[in-house]
Amino acid sequence: MIKPRRKAIVLGMDGATLDVLLPRSGEQGGGMPNVAALLAQGAWGALQSTTPPFSAQAWVSMVTGKNPARHGVVDFWERLPGQRPGERRGFVTARQIHGETLWQIAGRHGLQVGIVNVPVTYPPTPLLGYVVSGFLTPQGKEDFVYPTALRNEILALVPGYNPDPFDPLGATKGQLLEIDAWMGKHEKVARHLAAKYPVDLYFSVAQALDHLQHLFWNEAAGGPEAERGEIAALVDRCYARADEMVGHRLSMLDDKTNLFLVSDHGFGPARKWLHLNRFLQEQGLLVLGQPGDGGAGGLLARLGLTPQGLRDVMRRLDVLGLRRRVGRLARVTIGRRLDESLAPPVDWARTRAVAGSPATEGVFVNRDVVEGDSAYEALRDEIMAALLELRDPDTDQAVVHAVHRREELYEGPFLDMLPDVVLDMGDNPYLISDSLTAEQVLAPLPPEQLQGRHRPLGVFAAAGPDIRPLGRFEGARIVDVAPTVLYALGLPIPDDMDGRPLVEIFSDEYRAAHPVQHVPPGGQPPPPPESAYDDEDQEEMERRLKGLGYVS
(Lines give C-alpha, C1' and ligand atoms only; values in the text may rest on other atoms or scores of the structure.)
Protein backbone atom coordinates (compact mmCIF):
# COMPACT_ATOMS: atom_id res chain seq x y z
CA MET A 1 0.00 0.00 0.00
CA ILE A 2 1.30 3.44 -0.95
CA LYS A 3 1.38 5.92 1.91
CA PRO A 4 0.11 9.25 0.58
CA ARG A 5 1.79 12.49 1.53
CA ARG A 6 -1.15 14.77 1.01
CA LYS A 7 -4.83 15.33 1.76
CA ALA A 8 -7.54 16.73 -0.52
CA ILE A 9 -10.77 18.67 -0.16
CA VAL A 10 -13.26 18.67 -3.02
CA LEU A 11 -16.14 21.17 -2.98
CA GLY A 12 -18.73 20.55 -5.65
CA MET A 13 -21.22 23.22 -6.70
CA ASP A 14 -23.83 21.67 -8.93
CA GLY A 15 -24.30 23.79 -12.03
CA ALA A 16 -21.76 26.46 -11.12
CA THR A 17 -20.59 28.39 -14.16
CA LEU A 18 -17.84 30.91 -14.76
CA ASP A 19 -20.45 33.04 -16.52
CA VAL A 20 -21.86 33.78 -13.06
CA LEU A 21 -18.90 33.25 -10.73
CA LEU A 22 -16.51 35.57 -12.55
CA PRO A 23 -18.80 38.64 -12.58
CA ARG A 24 -19.84 38.02 -8.98
CA SER A 25 -16.25 37.60 -7.80
CA GLY A 26 -14.83 40.52 -9.80
CA GLU A 27 -14.11 44.01 -8.57
CA GLN A 28 -17.37 45.33 -9.98
CA GLY A 29 -19.63 42.40 -9.08
CA GLY A 30 -18.60 41.70 -5.51
CA GLY A 31 -20.49 39.25 -3.31
CA MET A 32 -18.10 36.31 -3.75
CA PRO A 33 -14.72 37.43 -2.33
CA ASN A 34 -13.70 33.90 -1.34
CA VAL A 35 -14.14 32.66 -4.90
CA ALA A 36 -11.99 35.60 -6.00
CA ALA A 37 -9.32 34.61 -3.46
CA LEU A 38 -9.36 30.99 -4.63
CA LEU A 39 -8.94 31.96 -8.27
CA ALA A 40 -6.19 34.47 -7.46
CA GLN A 41 -3.98 31.95 -5.66
CA GLY A 42 -4.41 28.85 -7.81
CA ALA A 43 -5.30 27.40 -11.20
CA TRP A 44 -8.75 27.57 -12.73
CA GLY A 45 -10.71 27.22 -15.92
CA ALA A 46 -13.78 25.77 -17.59
CA LEU A 47 -14.52 22.07 -17.10
CA GLN A 48 -15.93 20.24 -20.12
CA SER A 49 -18.90 18.12 -19.00
CA THR A 50 -20.41 15.00 -20.49
CA THR A 51 -22.54 15.20 -23.63
CA PRO A 52 -25.30 15.77 -22.74
CA PRO A 53 -24.39 17.67 -19.55
CA PHE A 54 -26.84 16.18 -17.06
CA SER A 55 -26.16 15.64 -13.39
CA ALA A 56 -26.57 11.86 -13.05
CA GLN A 57 -24.09 10.83 -15.72
CA ALA A 58 -21.87 13.91 -15.18
CA TRP A 59 -21.27 13.43 -11.45
CA VAL A 60 -20.62 9.72 -11.93
CA SER A 61 -18.15 10.52 -14.73
CA MET A 62 -16.44 12.98 -12.40
CA VAL A 63 -16.00 10.58 -9.50
CA THR A 64 -15.05 7.53 -11.61
CA GLY A 65 -12.92 9.22 -14.27
CA LYS A 66 -14.91 7.29 -16.89
CA ASN A 67 -17.33 8.13 -19.67
CA PRO A 68 -20.97 7.00 -19.35
CA ALA A 69 -20.53 4.04 -21.71
CA ARG A 70 -17.90 2.70 -19.32
CA HIS A 71 -19.52 3.36 -15.91
CA GLY A 72 -23.07 2.53 -17.02
CA VAL A 73 -25.02 5.55 -15.70
CA VAL A 74 -26.41 7.14 -18.86
CA ASP A 75 -29.55 8.86 -17.58
CA PHE A 76 -31.58 9.58 -14.47
CA TRP A 77 -33.44 6.43 -15.45
CA GLU A 78 -31.84 3.04 -15.11
CA ARG A 79 -31.46 1.45 -18.54
CA LEU A 80 -30.63 -2.03 -19.73
CA PRO A 81 -29.19 -3.05 -23.11
CA GLY A 82 -31.97 -3.59 -25.64
CA GLN A 83 -34.56 -1.73 -23.57
CA ARG A 84 -36.97 0.38 -25.61
CA PRO A 85 -37.04 4.14 -25.00
CA GLY A 86 -39.96 4.98 -22.76
CA GLU A 87 -39.79 1.64 -20.97
CA ARG A 88 -38.57 3.10 -17.70
CA ARG A 89 -37.49 0.73 -14.95
CA GLY A 90 -36.50 3.04 -12.11
CA PHE A 91 -34.20 5.87 -11.19
CA VAL A 92 -30.49 5.22 -10.97
CA THR A 93 -28.79 4.62 -7.65
CA ALA A 94 -25.22 4.06 -6.51
CA ARG A 95 -25.80 0.36 -7.22
CA GLN A 96 -25.80 1.00 -10.96
CA ILE A 97 -22.27 2.47 -11.00
CA HIS A 98 -19.83 0.02 -12.57
CA GLY A 99 -16.29 0.29 -11.29
CA GLU A 100 -14.75 2.13 -8.38
CA THR A 101 -15.35 5.72 -7.35
CA LEU A 102 -12.63 8.13 -6.30
CA TRP A 103 -13.35 7.53 -2.61
CA GLN A 104 -13.49 3.76 -2.96
CA ILE A 105 -10.04 3.84 -4.54
CA ALA A 106 -8.75 6.12 -1.77
CA GLY A 107 -10.23 3.86 0.88
CA ARG A 108 -8.65 0.81 -0.72
CA HIS A 109 -5.29 2.51 -0.18
CA GLY A 110 -6.04 3.07 3.49
CA LEU A 111 -7.26 6.68 3.37
CA GLN A 112 -10.13 7.90 5.51
CA VAL A 113 -12.85 9.56 3.42
CA GLY A 114 -15.86 11.77 4.13
CA ILE A 115 -18.55 12.08 1.44
CA VAL A 116 -21.42 14.54 2.02
CA ASN A 117 -24.32 15.34 -0.33
CA VAL A 118 -22.65 14.00 -3.47
CA PRO A 119 -25.29 12.99 -6.10
CA VAL A 120 -25.89 9.32 -6.91
CA THR A 121 -24.50 8.06 -3.60
CA TYR A 122 -27.78 6.57 -2.36
CA PRO A 123 -27.88 4.01 -0.90
CA PRO A 124 -24.51 4.49 0.81
CA THR A 125 -22.08 1.61 0.65
CA PRO A 126 -19.63 0.75 3.45
CA LEU A 127 -16.22 2.40 3.19
CA LEU A 128 -13.33 3.60 5.33
CA GLY A 129 -15.02 6.74 6.64
CA TYR A 130 -18.56 8.09 6.25
CA VAL A 131 -21.15 8.92 3.59
CA VAL A 132 -24.21 11.18 3.74
CA SER A 133 -26.03 10.72 0.43
CA GLY A 134 -27.28 13.61 -1.70
CA PHE A 135 -29.31 14.31 -4.85
CA LEU A 136 -31.54 11.38 -5.94
CA THR A 137 -32.08 10.21 -2.37
CA PRO A 138 -35.80 9.39 -1.97
CA GLN A 139 -37.80 11.43 0.52
CA GLY A 140 -38.21 10.05 4.02
CA LYS A 141 -35.50 7.40 3.85
CA GLU A 142 -33.58 6.56 7.01
CA ASP A 143 -30.68 4.73 5.33
CA PHE A 144 -29.11 7.85 3.80
CA VAL A 145 -25.99 7.69 5.96
CA TYR A 146 -23.11 5.31 6.64
CA PRO A 147 -22.29 4.36 9.30
CA THR A 148 -25.87 4.35 10.52
CA ALA A 149 -24.88 5.66 13.94
CA LEU A 150 -24.24 9.09 12.36
CA ARG A 151 -27.91 9.49 11.48
CA ASN A 152 -29.03 10.39 15.00
CA GLU A 153 -26.14 12.81 15.34
CA ILE A 154 -27.14 14.58 12.12
CA LEU A 155 -30.81 14.73 13.13
CA ALA A 156 -29.89 16.17 16.50
CA LEU A 157 -27.91 18.88 14.73
CA VAL A 158 -30.55 19.57 12.05
CA PRO A 159 -33.96 18.13 13.00
CA GLY A 160 -35.76 16.78 9.96
CA TYR A 161 -32.55 16.71 7.91
CA ASN A 162 -33.27 15.74 4.29
CA PRO A 163 -30.41 15.00 1.87
CA ASP A 164 -32.56 15.87 -1.19
CA PRO A 165 -35.29 18.21 0.04
CA PHE A 166 -35.97 20.34 -3.03
CA ASP A 167 -39.44 20.16 -4.54
CA PRO A 168 -39.37 22.57 -7.51
CA LEU A 169 -42.86 23.81 -8.35
CA GLY A 170 -41.94 27.07 -10.06
CA ALA A 171 -40.02 30.30 -9.64
CA THR A 172 -41.73 31.56 -6.50
CA LYS A 173 -40.44 33.44 -3.48
CA GLY A 174 -41.38 30.51 -1.26
CA GLN A 175 -39.30 28.17 -3.38
CA LEU A 176 -36.32 30.51 -3.16
CA LEU A 177 -36.61 30.82 0.62
CA GLU A 178 -36.62 27.03 0.83
CA ILE A 179 -33.47 26.80 -1.29
CA ASP A 180 -31.71 29.37 0.88
CA ALA A 181 -32.71 27.63 4.11
CA TRP A 182 -31.57 24.20 2.95
CA MET A 183 -28.23 25.53 1.73
CA GLY A 184 -27.62 26.60 5.32
CA LYS A 185 -28.78 23.30 6.81
CA HIS A 186 -26.71 21.14 4.47
CA GLU A 187 -23.60 23.24 5.07
CA LYS A 188 -24.12 23.08 8.85
CA VAL A 189 -23.94 19.29 8.67
CA ALA A 190 -21.01 19.36 6.23
CA ARG A 191 -18.94 21.60 8.51
CA HIS A 192 -19.83 19.61 11.63
CA LEU A 193 -18.67 16.36 10.10
CA ALA A 194 -15.52 17.90 8.64
CA ALA A 195 -14.52 19.30 12.04
CA LYS A 196 -15.45 16.30 14.19
CA TYR A 197 -14.28 13.55 11.86
CA PRO A 198 -11.22 14.78 9.93
CA VAL A 199 -10.35 12.65 6.92
CA ASP A 200 -7.77 12.41 4.15
CA LEU A 201 -10.31 13.03 1.37
CA TYR A 202 -13.32 15.24 2.10
CA PHE A 203 -15.83 15.61 -0.77
CA SER A 204 -19.04 17.63 -0.34
CA VAL A 205 -21.51 19.10 -2.84
CA ALA A 206 -23.83 22.11 -2.71
CA GLN A 207 -26.74 20.90 -4.84
CA ALA A 208 -28.93 23.96 -4.43
CA LEU A 209 -27.27 26.18 -7.04
CA ASP A 210 -28.55 23.88 -9.78
CA HIS A 211 -32.15 24.23 -8.61
CA LEU A 212 -31.68 27.96 -8.07
CA GLN A 213 -30.46 28.51 -11.61
CA HIS A 214 -33.15 26.36 -13.20
CA LEU A 215 -35.83 28.45 -11.56
CA PHE A 216 -34.20 31.90 -11.25
CA TRP A 217 -31.64 32.12 -14.04
CA ASN A 218 -32.64 35.68 -15.00
CA GLU A 219 -31.81 36.95 -11.51
CA ALA A 220 -28.77 34.68 -11.16
CA ALA A 221 -27.22 35.99 -14.36
CA GLY A 222 -28.04 39.57 -13.34
CA GLY A 223 -28.88 40.55 -16.89
CA PRO A 224 -31.32 43.19 -18.12
CA GLU A 225 -34.27 40.83 -17.65
CA ALA A 226 -33.63 40.59 -13.94
CA GLU A 227 -35.77 42.69 -11.67
CA ARG A 228 -33.36 43.80 -8.98
CA GLY A 229 -35.84 43.54 -6.16
CA GLU A 230 -36.58 41.15 -3.32
CA ILE A 231 -36.17 38.01 -5.45
CA ALA A 232 -32.81 39.18 -6.78
CA ALA A 233 -31.65 39.96 -3.24
CA LEU A 234 -32.53 36.44 -2.11
CA VAL A 235 -30.71 34.98 -5.12
CA ASP A 236 -27.68 37.07 -4.18
CA ARG A 237 -27.92 35.68 -0.66
CA CYS A 238 -27.71 32.13 -2.00
CA TYR A 239 -24.55 32.96 -3.92
CA ALA A 240 -23.15 34.57 -0.78
CA ARG A 241 -23.81 31.29 1.04
CA ALA A 242 -21.93 29.43 -1.69
CA ASP A 243 -19.04 31.86 -1.33
CA GLU A 244 -18.99 31.26 2.43
CA MET A 245 -18.60 27.54 1.69
CA VAL A 246 -15.52 28.31 -0.41
CA GLY A 247 -14.16 30.47 2.41
CA HIS A 248 -14.65 27.68 4.92
CA ARG A 249 -12.83 25.15 2.72
CA LEU A 250 -9.99 27.62 2.19
CA SER A 251 -9.67 27.90 5.97
CA MET A 252 -9.13 24.12 6.14
CA LEU A 253 -5.99 24.29 4.00
CA ASP A 254 -2.58 23.58 5.50
CA ASP A 255 0.81 22.61 4.15
CA LYS A 256 -0.44 19.11 3.24
CA THR A 257 -3.93 19.82 1.91
CA ASN A 258 -5.09 20.93 -1.56
CA LEU A 259 -8.55 22.22 -2.44
CA PHE A 260 -10.53 21.55 -5.62
CA LEU A 261 -13.70 23.44 -6.59
CA VAL A 262 -15.71 21.64 -9.28
CA SER A 263 -19.09 21.68 -10.97
CA ASP A 264 -20.73 19.00 -13.09
CA HIS A 265 -21.86 21.37 -15.86
CA GLY A 266 -22.50 25.01 -16.55
CA PHE A 267 -25.72 26.96 -16.98
CA GLY A 268 -27.49 29.37 -19.27
CA PRO A 269 -30.95 30.60 -20.24
CA ALA A 270 -33.81 28.37 -21.35
CA ARG A 271 -36.45 29.93 -23.56
CA LYS A 272 -38.26 27.14 -25.42
CA TRP A 273 -39.07 23.44 -25.42
CA LEU A 274 -37.71 21.33 -28.26
CA HIS A 275 -40.27 18.52 -28.48
CA LEU A 276 -38.08 15.90 -30.10
CA ASN A 277 -40.77 13.27 -30.62
CA ARG A 278 -42.95 15.83 -32.38
CA PHE A 279 -39.99 16.59 -34.65
CA LEU A 280 -39.60 12.88 -35.44
CA GLN A 281 -43.32 12.63 -36.15
CA GLU A 282 -43.12 15.44 -38.67
CA GLN A 283 -40.15 13.70 -40.30
CA GLY A 284 -42.27 10.57 -40.70
CA LEU A 285 -40.01 8.55 -38.42
CA LEU A 286 -42.30 8.18 -35.39
CA VAL A 287 -45.83 6.84 -35.78
CA LEU A 288 -48.36 7.08 -32.95
CA GLY A 289 -51.56 5.18 -32.50
CA GLN A 290 -54.90 6.69 -31.56
CA PRO A 291 -56.15 6.88 -27.96
CA GLY A 292 -59.29 4.83 -27.49
CA ASP A 293 -62.60 6.65 -27.69
CA GLY A 294 -63.34 5.73 -24.11
CA GLY A 295 -59.94 6.85 -22.81
CA ALA A 296 -58.75 10.18 -21.52
CA GLY A 297 -57.58 11.29 -24.97
CA GLY A 298 -61.01 10.74 -26.50
CA LEU A 299 -62.78 12.51 -23.62
CA LEU A 300 -60.48 15.54 -23.93
CA ALA A 301 -61.18 15.77 -27.66
CA ARG A 302 -64.96 15.80 -27.06
CA LEU A 303 -64.47 18.59 -24.51
CA GLY A 304 -62.36 20.62 -26.91
CA LEU A 305 -59.23 20.29 -24.76
CA THR A 306 -55.75 19.21 -25.82
CA PRO A 307 -53.38 17.12 -23.71
CA GLN A 308 -50.81 19.92 -23.77
CA GLY A 309 -53.40 22.45 -22.63
CA LEU A 310 -54.43 20.28 -19.70
CA ARG A 311 -50.79 19.74 -18.75
CA ASP A 312 -50.23 23.51 -18.75
CA VAL A 313 -53.15 23.89 -16.36
CA MET A 314 -51.63 21.31 -14.02
CA ARG A 315 -48.30 23.12 -14.08
CA ARG A 316 -49.97 26.40 -13.18
CA LEU A 317 -51.56 24.67 -10.21
CA ASP A 318 -48.08 23.53 -9.21
CA VAL A 319 -46.73 27.07 -9.45
CA LEU A 320 -49.58 28.38 -7.32
CA GLY A 321 -48.84 25.72 -4.75
CA LEU A 322 -52.39 24.37 -4.84
CA ARG A 323 -51.31 20.78 -5.35
CA ARG A 324 -49.25 20.97 -2.17
CA ARG A 325 -52.53 20.83 -0.29
CA VAL A 326 -53.23 17.27 -1.34
CA GLY A 327 -51.31 14.32 -0.03
CA ARG A 328 -47.86 13.56 -1.38
CA LEU A 329 -48.75 10.19 -2.86
CA ALA A 330 -52.03 11.52 -4.23
CA ARG A 331 -50.52 14.40 -6.15
CA VAL A 332 -47.66 12.42 -7.68
CA THR A 333 -50.02 9.63 -8.66
CA ILE A 334 -52.40 12.10 -10.31
CA GLY A 335 -49.59 13.61 -12.39
CA ARG A 336 -48.14 10.28 -13.46
CA ARG A 337 -51.47 8.66 -14.28
CA LEU A 338 -52.50 11.77 -16.24
CA ASP A 339 -49.41 11.58 -18.43
CA GLU A 340 -49.85 7.86 -18.98
CA SER A 341 -53.49 8.23 -19.98
CA LEU A 342 -52.94 11.21 -22.30
CA ALA A 343 -49.98 9.85 -24.25
CA PRO A 344 -50.93 7.97 -27.42
CA PRO A 345 -49.20 4.62 -27.90
CA VAL A 346 -46.13 4.30 -30.09
CA ASP A 347 -46.75 2.12 -33.14
CA TRP A 348 -43.50 0.18 -32.88
CA ALA A 349 -44.19 -1.79 -36.07
CA ARG A 350 -44.04 1.42 -38.13
CA THR A 351 -41.76 3.64 -35.97
CA ARG A 352 -38.16 3.95 -37.12
CA ALA A 353 -36.89 6.38 -34.48
CA VAL A 354 -37.99 7.76 -31.12
CA ALA A 355 -36.60 10.30 -28.64
CA GLY A 356 -34.80 9.19 -25.53
CA SER A 357 -35.58 10.76 -22.17
CA PRO A 358 -34.82 14.51 -21.81
CA ALA A 359 -31.59 13.77 -19.92
CA THR A 360 -30.20 11.69 -22.79
CA GLU A 361 -30.81 14.40 -25.43
CA GLY A 362 -30.81 11.89 -28.22
CA VAL A 363 -32.66 9.70 -30.68
CA PHE A 364 -32.88 5.92 -30.59
CA VAL A 365 -33.26 3.95 -33.81
CA ASN A 366 -35.78 1.10 -33.70
CA ARG A 367 -33.62 -1.78 -34.93
CA ASP A 368 -36.64 -4.08 -35.01
CA VAL A 369 -37.83 -2.08 -38.02
CA VAL A 370 -34.58 -0.68 -39.41
CA GLU A 371 -32.74 -3.81 -40.47
CA GLY A 372 -29.17 -4.00 -41.69
CA ASP A 373 -26.18 -1.78 -41.08
CA SER A 374 -26.53 0.21 -44.28
CA ALA A 375 -30.15 1.13 -43.54
CA TYR A 376 -29.18 1.99 -39.97
CA GLU A 377 -26.37 4.31 -41.02
CA ALA A 378 -28.50 5.91 -43.72
CA LEU A 379 -31.22 6.65 -41.18
CA ARG A 380 -28.73 8.16 -38.74
CA ASP A 381 -27.42 10.39 -41.53
CA GLU A 382 -30.99 11.45 -42.33
CA ILE A 383 -31.82 12.27 -38.71
CA MET A 384 -28.60 14.19 -38.16
CA ALA A 385 -29.05 16.26 -41.32
CA ALA A 386 -32.65 17.11 -40.45
CA LEU A 387 -31.70 18.17 -36.92
CA LEU A 388 -28.96 20.47 -38.18
CA GLU A 389 -31.43 22.09 -40.58
CA LEU A 390 -33.96 22.81 -37.79
CA ARG A 391 -34.25 26.56 -37.20
CA ASP A 392 -36.19 28.69 -34.77
CA PRO A 393 -38.74 30.70 -36.81
CA ASP A 394 -38.61 33.55 -34.30
CA THR A 395 -34.83 34.06 -34.57
CA ASP A 396 -33.82 32.13 -37.71
CA GLN A 397 -31.06 30.59 -35.58
CA ALA A 398 -30.11 26.91 -35.65
CA VAL A 399 -31.80 25.06 -32.78
CA VAL A 400 -29.22 22.27 -32.44
CA HIS A 401 -25.54 23.16 -32.07
CA ALA A 402 -24.12 19.81 -33.25
CA VAL A 403 -25.06 16.15 -33.62
CA HIS A 404 -22.98 13.02 -33.07
CA ARG A 405 -23.11 9.31 -33.53
CA ARG A 406 -22.85 7.79 -30.09
CA GLU A 407 -19.56 6.03 -30.83
CA GLU A 408 -18.00 9.41 -31.64
CA LEU A 409 -18.51 10.46 -28.02
CA TYR A 410 -18.39 7.29 -25.95
CA GLU A 411 -16.52 4.03 -25.63
CA GLY A 412 -17.30 1.16 -23.30
CA PRO A 413 -19.39 -1.94 -22.62
CA PHE A 414 -22.60 0.08 -22.12
CA LEU A 415 -22.50 1.91 -25.47
CA ASP A 416 -25.74 0.27 -26.61
CA MET A 417 -27.60 1.91 -23.71
CA LEU A 418 -26.96 5.37 -25.20
CA PRO A 419 -28.93 7.07 -28.01
CA ASP A 420 -27.87 6.22 -31.56
CA VAL A 421 -27.83 9.96 -32.37
CA VAL A 422 -26.79 12.41 -29.65
CA LEU A 423 -27.69 16.10 -29.79
CA ASP A 424 -25.27 18.73 -28.58
CA MET A 425 -27.33 21.80 -27.70
CA GLY A 426 -24.24 23.89 -26.90
CA ASP A 427 -25.31 27.23 -25.45
CA ASN A 428 -28.63 27.28 -27.31
CA PRO A 429 -31.66 28.09 -25.10
CA TYR A 430 -33.75 24.97 -25.70
CA LEU A 431 -34.84 22.23 -23.30
CA ILE A 432 -35.44 18.86 -24.92
CA SER A 433 -38.69 17.04 -24.22
CA ASP A 434 -39.78 13.50 -25.12
CA SER A 435 -43.49 14.33 -24.83
CA LEU A 436 -45.80 12.30 -27.04
CA THR A 437 -48.61 14.85 -26.75
CA ALA A 438 -46.85 18.04 -27.89
CA GLU A 439 -48.54 19.87 -30.73
CA GLN A 440 -45.53 21.73 -32.12
CA VAL A 441 -41.78 21.16 -32.33
CA LEU A 442 -40.82 24.40 -30.55
CA ALA A 443 -42.96 25.84 -27.79
CA PRO A 444 -42.41 28.76 -25.39
CA LEU A 445 -41.16 27.87 -21.93
CA PRO A 446 -43.12 29.83 -19.30
CA PRO A 447 -40.54 31.79 -17.24
CA GLU A 448 -42.52 31.16 -14.06
CA GLN A 449 -41.89 27.46 -14.63
CA LEU A 450 -38.23 27.27 -15.71
CA GLN A 451 -35.65 29.85 -16.74
CA GLY A 452 -32.34 27.99 -16.98
CA ARG A 453 -30.81 24.93 -18.60
CA HIS A 454 -27.51 23.07 -18.42
CA ARG A 455 -24.57 24.09 -20.58
CA PRO A 456 -21.44 22.04 -21.35
CA LEU A 457 -18.82 24.08 -19.48
CA GLY A 458 -18.65 23.82 -15.70
CA VAL A 459 -15.95 25.02 -13.32
CA PHE A 460 -12.62 23.65 -12.15
CA ALA A 461 -10.40 25.50 -9.69
CA ALA A 462 -7.57 24.33 -7.42
CA ALA A 463 -5.39 25.89 -4.74
CA GLY A 464 -3.03 24.68 -2.05
CA PRO A 465 0.62 24.01 -1.28
CA ASP A 466 1.13 21.81 -4.36
CA ILE A 467 -0.82 23.92 -6.87
CA ARG A 468 0.87 26.45 -9.13
CA PRO A 469 -0.56 30.01 -9.18
CA LEU A 470 -1.25 29.35 -12.82
CA GLY A 471 -4.37 31.43 -13.24
CA ARG A 472 -6.65 30.50 -16.09
CA PHE A 473 -5.86 27.37 -18.09
CA GLU A 474 -7.69 25.36 -20.75
CA GLY A 475 -8.45 21.73 -21.49
CA ALA A 476 -9.92 20.29 -18.27
CA ARG A 477 -12.57 17.61 -18.73
CA ILE A 478 -14.95 16.18 -16.19
CA VAL A 479 -13.28 12.75 -16.41
CA ASP A 480 -9.98 14.38 -15.41
CA VAL A 481 -11.19 15.27 -11.90
CA ALA A 482 -10.86 11.80 -10.32
CA PRO A 483 -7.34 11.09 -11.62
CA THR A 484 -6.25 14.62 -10.69
CA VAL A 485 -7.45 14.24 -7.09
CA LEU A 486 -5.83 10.81 -6.86
CA TYR A 487 -2.59 12.34 -8.10
CA ALA A 488 -2.88 15.10 -5.49
CA LEU A 489 -3.20 12.39 -2.83
CA GLY A 490 -0.06 10.68 -4.07
CA LEU A 491 -1.97 7.62 -5.27
CA PRO A 492 -1.63 5.64 -8.51
CA ILE A 493 -4.31 5.98 -11.16
CA PRO A 494 -6.28 2.96 -12.42
CA ASP A 495 -5.60 2.50 -16.11
CA ASP A 496 -9.28 1.98 -16.98
CA MET A 497 -10.01 5.69 -16.41
CA ASP A 498 -10.73 7.82 -19.47
CA GLY A 499 -9.39 10.94 -17.79
CA ARG A 500 -5.85 12.08 -17.07
CA PRO A 501 -4.30 13.88 -14.11
CA LEU A 502 -3.99 17.61 -14.79
CA VAL A 503 -0.29 17.61 -13.93
CA GLU A 504 0.21 21.06 -15.44
CA ILE A 505 -1.49 22.70 -12.47
CA PHE A 506 0.95 21.17 -9.95
CA SER A 507 4.24 22.69 -8.87
CA ASP A 508 7.51 21.52 -10.35
CA GLU A 509 8.54 20.21 -6.94
CA TYR A 510 5.43 18.09 -6.56
CA ARG A 511 5.70 16.64 -10.06
CA ALA A 512 9.35 15.77 -9.55
CA ALA A 513 8.57 13.94 -6.31
CA HIS A 514 5.39 12.28 -7.64
CA PRO A 515 5.72 10.79 -11.11
CA VAL A 516 2.35 9.69 -12.49
CA GLN A 517 1.72 5.99 -11.84
CA HIS A 518 -0.89 3.88 -13.61
CA VAL A 519 -1.99 0.52 -12.23
CA PRO A 520 -4.60 -2.09 -13.16
CA PRO A 521 -8.07 -1.35 -11.75
CA GLY A 522 -8.94 -2.85 -8.39
CA GLY A 523 -12.12 -3.65 -6.55
CA GLN A 524 -14.95 -6.04 -7.29
CA PRO A 525 -17.71 -5.52 -9.88
CA PRO A 526 -20.98 -4.21 -8.44
CA PRO A 527 -23.77 -6.60 -7.51
CA PRO A 528 -26.59 -7.08 -10.03
CA PRO A 529 -28.70 -3.91 -10.34
CA GLU A 530 -31.55 -3.79 -7.90
CA SER A 531 -33.89 -0.91 -7.26
CA ALA A 532 -33.47 1.04 -4.05
CA TYR A 533 -36.82 2.78 -4.57
CA ASP A 534 -40.36 1.60 -3.98
CA ASP A 535 -43.28 2.74 -6.18
CA GLU A 536 -43.99 5.80 -4.06
CA ASP A 537 -40.33 6.83 -4.18
CA GLN A 538 -40.34 6.49 -7.97
CA GLU A 539 -43.40 8.66 -8.42
CA GLU A 540 -42.14 11.33 -6.03
CA MET A 541 -38.74 11.45 -7.72
CA GLU A 542 -40.32 11.68 -11.16
CA ARG A 543 -42.46 14.64 -10.15
CA ARG A 544 -39.51 16.49 -8.62
CA LEU A 545 -37.35 15.95 -11.72
CA LYS A 546 -40.18 17.26 -13.87
CA GLY A 547 -39.89 20.52 -11.99
CA LEU A 548 -36.31 20.85 -13.27
CA GLY A 549 -37.11 19.90 -16.87
CA TYR A 550 -35.33 16.52 -16.58
CA VAL A 551 -38.53 14.55 -17.21
CA SER A 552 -41.30 15.58 -19.65
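The following dialogue explains how several terms apply to this predicted model.

Guide: The model is predicted, so local features need pLDDT of at least 70 and side-chain atom pairs count only at pLDDT 80 or more, while totals for chains, interfaces and linings use all residues. Residues are numbered from 1 along each chain as its sequence is written, and side-chain values use heavy atoms, with hydrogens and water left out.

Visitor: What is the average pLDDT of the chain?

Guide: The chain averages a pLDDT of 87, and 81% of the residues score at least 70. The term pLDDT denotes the predictor's confidence in each residue, from 0 to 100. Over residues 319-336, pLDDT stays under 50.

Visitor: Why is Asp243 called buried?

Guide: Buried means under 20% relative accessible area, exposed means over 50%, and partly exposed lies in between (1.4 Å probe, protein chains only). Asp243 has a relative accessible area of 3%, which is under 20%, and therefore Asp243 is called buried.

Visitor: Where is Asp243 placed, and which residues is Asp243 in contact with, leaving aside its neighbours within four places in sequence?

Guide: Asp243 belongs to helix H9, residues 230-251. Helices (H or I, at least four residues) and strands (E, at least two) are DSSP runs, numbered from the N terminus. With those neighbours left aside, Asp243 is in contact (heavy atoms within 4.5 Å) with Gly31, Met32, Pro33, Asn34 and Val35. Pro33 lies 210 residues from Asp243 along the chain, yet their C-alpha atoms are separated by 7.1 Å.

Visitor: What is the phi of Leu136, and why does Leu136 count as buried?

Guide: Leu136 has a positive phi of about 80°, although it is not a glycine. The residue is placed in the loop between strand S4 (129-133) and S5. Because its relative accessibility is 1%, Leu136 counts as buried.
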